[in-house]
Amino acid sequence: MVGATIAGLGMATPAQAHQDELWRGFFANHYSGGTRALAERIFANAGVRTRHAVANPLIEDVSGWPTERRMNRYLIEALPLGKEAVDRALVDAGVAAADIGLFTVCSCTGYVTPGLDILLARDMGMATDTQRLFVGHMGCYAAMPTIGAAADFVTARGRPALLLCNELTSLHLQPASARVDTQQIVAHALFSDAAAAAVLVPGDSTGGYAVREVASVTDTSAVDHMTWDVTDLGFRMGLSARVPQVLSLHVRGFVDGLLSRHGLTLSDVDGWAVHPGGPRILNVVERELALPPEALGDSRVTLSGYGNCSSPTVLLILEAMRQRPVPPRWVVMLAFGPGLTLYAALLQRT
């Protein structure tokens, strides 16, 4: 078994938007009465300074768009953004598009057929026998099972694999509600757009990150805590305030088990790529794993600069870690989503 290594990463984002400008220029008028005061507090405490959007509400308000119009816009925006991220990852890895054996795409913010996997394979010059896999509706943790599938393919076939996480959450801005809807306010304050791609190659590629294990645990008693419903007005987020409490029950045992299978302990990990579902999520992980404040620094900086981009976010954090003067040797990637599911990947710098 030759194993698989993440040998290249590529990121792409649309135009930047500032959180305070979004609040003053749009969301302060999107909400009314007592809801506005609550929303202002949530926006101010979201931990987000800037984020990115293909549909900036300061320029265009898509909250009243039907789902069909949003899906048409998704294809227009997602294709060039995904192409940019894929091209950067291929160049970074030194791998030609024609050599890719498996191309996996994950996205929960848009659906088109033919899909991004087919259209990008065509536009990037991938071989006609390139296998493809589309992963949908797995939300913020989708990068991890996608990495797992790609790593298994690379190990079994000895050929490179490419994955793309492409999310355009700005297309799902929801209309204002007469009632207080805290879940939608939180979603509007946190979510952002981005694409992130990774190339996996056989063996331990020098300077890359070998995929040692991908693991998950699902608490089905909390299946309704995180939802993403298709409506006539786009996709609607459901986000229970009890999510951090559920995570606190599972994250320590889950991570300890993952590390122990490789003869490691928490102190051996010098890179924590924890999906920043929000400040409370990061605080719970930090507390339950007894991590020093600086351990989640890259996650907090990513939240501040990019917001919660759903599935690409952990790859954005991994890229930030690669840019350190001394990149971490052992990295644990953690993300959470519908199920309620915790996913993790253990990576080792080669």
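Which residue forms a salt bridge with Asp92? The partner is Arg322, and the closest N and O atoms of the two are 2.8 Å apart. A salt bridge here is a side-chain nitrogen of Lys or Arg within 4 Å of a carboxyl oxygen of Asp or Glu.

A quick word on the ground rules. This is a predicted model, where local features need pLDDT of at least 70 and side-chain atom pairs count only at pLDDT 80 or more, while totals for chains, interfaces and linings use all residues. Residues are numbered from 1 along each chain as its sequence is written, and side-chain values use heavy atoms, with hydrogens and water left out.

- The chain is assigned a domain 1 (4-202) and a domain 2 (209-349), with bounds that come from an automatic or database domain assignment.
- The C-alpha centres of domain 1 and domain 2 are 17 Å apart.
- Contact (heavy atoms within 4.5 Å) brings together 60 residues of domain 1 and 47 residues of domain 2.
- Interface size is often quoted as the accessible area lost when the parts come together.

**Polar links and make-up of the interface**

- Between domain 1 and domain 2 the count is 2 salt bridges.
- There are also 26 residue pairs in polar contact across this interface, both residues at pLDDT 80 or more. A polar contact is a pair of N or O atoms within 3.5 Å; within protein, one must be able to donate a hydrogen and the other to accept it, and residues adjacent in sequence count only if both atoms are side-chain atoms.
- Elements giving two or more residues to the domain 1 side include strand 1 (4-12), helix 3 (67-93), helix 5 (143-157) and strand 7 (193-202). Helices (H or I, at least four residues) and strands (E, at least two) are DSSP runs, numbered from the N terminus.
- Helix 5 gives the most to that side, with 6 residues.
- The domain 1 side divides into 32 nonpolar, 20 polar and 8 charged residues.

**Salt bridges through the structure**

- A search of the whole structure turns up 15 salt bridges.
- Asp181 pairs with Arg236, their closest N and O atoms being 2.4 Å apart. Asp181 sits in the loop between strand 6 and helix 6 and Arg236 in strand 10 (residues 234-239), so the pair ties together parts that are 55 residues apart in sequence.
- Asp181 counts as buried at 10% relative accessibility, whereas Arg236 is partly exposed at 24%. Buried means under 20% relative accessible area, exposed over 50%, and partly exposed in between (1.4 Å probe, protein chains only).
- Glu213 and Arg261 meet through their side chains in another salt bridge (2.7 Å, N to O). Glu213 is in strand 8 (residues 209-218) and Arg261 in the loop between helix 7 (243-260) and strand 11 (271-274), 48 residues apart.
- Glu213 is buried, at 18% relative accessibility.
- Glu288 forms a salt bridge with Arg287, with closest N and O atoms 2.9 Å apart; Glu288 is partly exposed at 23%, and Arg287 is exposed at 53%.
- Glu60, Arg73 and Glu77 are linked in a salt-bridge network.

**Buried spots to look at**

- Ala345, in strand 13 (residues 341-349), is buried with a relative accessible area of 0%.
- Leaving out residues up to four places away in sequence, Ala345 touches Met144, Glu213, Val214, Val331, Val332 and Met333.
- Asp117 belongs to helix 4 (residues 116-124) and is buried at 10%. With the sequence neighbours up to four places away left out, Asp117 touches Phe103, Val105 and Arg132.
- In helix 8 (residues 279-288), Ile281, Leu282, Val284, Val285 and Glu286 are buried. Their cover includes helix 7, strand 11, helix 9 (297-306) and strand 12 (330-337).
- Just after helix 8, Ala290 takes a positive phi of about 55°.

How values were computed:
Ala, Val, Leu, Ile, Met, Phe, Trp, Tyr, Cys and Pro count as nonpolar, Asp, Glu, Lys and Arg as charged, and the others, Gly among them, as polar.
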